[in-house]
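My notes follow, entry by entry.

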Amino acid sequence: MGLVRSFALFLVFLSCLIAVYGQGTRIGFYSTTCPNAETIVRTTVASHFSSDPKVAPGLLRMHNHDCFVQGCDGSVLLSGPNSERTAGANVNLHGFEVIDDAKRQLEAACPGVVSCADILALAARDSVALTNGQSWQVPTGRRDGRVSLASNVNNLPSPSDSLAIQQRKFAAFRLNTRDLVTLVGGGHTIGTAACGFITNRIFNSSGNTADPTMDQTFVPQLQRLCPQNGDGSARVDLDTGSGNTFDTSYFINLSRNRGILQSDHVLWTSPATRSIVQEFMAPRGNFNVQFARSMVKMSNIGVKTGTNGEIRRVCSAVN
């Protein structure tokens with residue numbers, strides 16, 4: 001009974017979050033207009049994942065990047081000169097073909113009904129579930145934005161950000177420090193980073209370790225994966241030993257001073273966030289529940305609903 005009551009309370013809490021942050025989105029938005037919408041997205045993501053597991057972290061990252069630039073309006077999906085996709089932070093985004101595939105199927109089933117922004121939000125959720133994370137209910141009803149400019153991609157978190165800078169960037173969207181640790185942890189428990197982002201941490205000008213606060217027994221492993229004068233675009237797991245599984249090992253790695261990026265490492269070294277990391281790495285921690293809450297908040301940043309925006313027929317181009 002206690003577990004049932006806790007789950008019921010969580011659903012009530014989730015409904016309150018949607019009411020506060022959702023600005024018109026709601027769970028089951030397509031229940032009558034396109035009842036198979038979520039199933040179509042889920043099966044499409046699963047199909048692509050079976051042949052290319054990299055689409056899971058790619059879609060989660062893509063959704064995050066979409067929301068941090070003009071809100072969750074699918075603007076990152078638009079292609080063309082000087083679009084968001086051409087910005088330096090977005091050039092390595094992966095999984096656009098999954099969204100395009102899902103959109104084609106949805107247009108065949110329910111023409112002009114399901115937005116690309118909603119497809120991306122659902123695909124991010126399904127990507128977490130496919131990598132062993134827990135699923136959650138995604139409020140839908142977003143409409144698609146018509147503007148996508150690389151010049152607007154200026155507030156995304158950076159691999160070198162201090163905690164204070166990360167907090168400022170998240171607070172701009174009413175996301176608190178707990179949301180920050182949760183979303184960064186969820187985004188980095190699967191996927192990879194380019195070696196170019198970490199060479200300054202594992203080498204100095206003489207070729208020795210540059211960051212003495214890292215686990216010194218771990219550094220040689222990173223140096224082999226990312227040689228000092230090697231290919232800066234080569235990739236390394238953000239969650240060493242568990243890069244393909246959505247779990248809490250990312251936080252355990254942080255506690256061992258094995259955070260890959262400087263922005264990860266400071267979550268452990270900063271007193272303001274260390275206690276949250278410790279909570280999430282505990283065997284009975286509530287990371288998955290908190291991740292669902294924080295994702296609902298983030299996925300409703302600046303959404304367009306009602307008569308704002310449009311429902312694109314093709315996700316890469318405005319109607």
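**Entry 1**

I started at D179. D179 counts as buried, at 2% relative accessibility; buried means under 20% relative accessible area, exposed over 50%, and partly exposed in between, with a 1.4 Å probe and protein chains only. This is a predicted model, in which local features need pLDDT of at least 70 and side-chain atom pairs count only at pLDDT 80 or more, while totals for chains, interfaces and linings use all residues. Residues are numbered from 1 along each chain as its sequence is written, and side-chain values use heavy atoms, with hydrogens and water left out.

Which residue forms a salt bridge with D179? I found K297, with the closest N and O atoms 2.6 Å apart. A salt bridge here is a side-chain nitrogen of Lys or Arg within 4 Å of a carboxyl oxygen of Asp or Glu. K297 sits in helix α13 and D179 in helix α7 (residues 177–188), so the pair ties together parts that are 118 residues apart in sequence. Helices are DSSP runs of H or I with at least four residues, strands are E runs of at least two, and both are numbered from the N terminus. K297 counts as buried too, at 9% relative accessibility.

**Entry 2: other salt bridges**

I searched the whole structure and got 13 salt bridges. Side chains of opposite charge can pair when their charged atoms come close. R125 pairs with D126, the closest N and O atoms being 2.7 Å apart. Both R125 and D126 are buried. I then traced a network of salt bridges that links E38, R125 and D126.

D52 and K54 also meet in a salt bridge, at 3.2 Å from N to O. Are these two buried or exposed? D52 counts as buried at 16% relative accessibility. K54 counts as exposed at 56%.

**Entry 3: helix α13**

I went back to the helix that holds K297. Helix α13 covers residues 287–298, 12 residues in all. From its first C-alpha to its last α13 reaches 16 Å, close to the 16 Å expected at 1.5 Å a residue. The expected span is 1.5 Å times one less than the number of residues.

Nine of the 12 residues of α13 are buried, so the helix is largely enclosed by the rest of the structure. Among the buried ones I noted F287, F291, M295 and K297.

**Entry 4: aromatic rings**

My search for aromatic pairs returned 11. Rings of Phe, Tyr and Trp (its six-membered ring) pair if their centres lie within 6.5 Å; planes under 30 degrees apart count as stacked, over 60 as edge-to-face and the rest as tilted. Y250 and F251 have ring centres 5.1 Å apart and planes at 80°, so this pair is edge-to-face. Both Y250 and F251 are buried.

F287 and F291 form a tilted pair, 5.9 Å centre to centre with 45° between the planes. Both lie in helix α13, four residues apart, about one turn of the helix. An α-helix has 3.6 residues a turn, so residues three or four places apart point the same way. I then listed the cluster that ring pairs build: W136, F246, Y250, F251, F280, F287 and F291.

**Entry 5: disulfides**

How many disulfides does a search of the whole structure find? I got four. A disulfide is a pair of cysteine sulfur atoms within 2.5 Å.

C67 and C72 are joined with their sulfur atoms 2.0 Å apart. Their link is right-handed, with 120° about the S-S bond.

C116 is joined to C315, S to S 2.1 Å. The pair links distant parts of the chain: C116 is in helix α5 (residues 116–130) and C315 in the segment after α13, 199 residues apart. The link of C116 and C315 is left-handed, at -95° about the S-S bond.

C195 and C226 have their sulfur atoms 2.0 Å apart. Their link is left-handed, at -65°. Both cysteines are buried. Numbering the bonded cysteines in sequence order, I read the pairing as 1-4, 2-3, 5-8, 6-7.

**Entry 6: confidence**

Last, I checked pLDDT, the predictor's confidence in each residue from 0 to 100. The protein averages 92, and 92% of the residues score at least 70. Over residues 1–22 the pLDDT is below 50. Beyond near neighbours in sequence, that stretch has 23 contacts in the model, a contact meaning heavy atoms within 4.5 Å.
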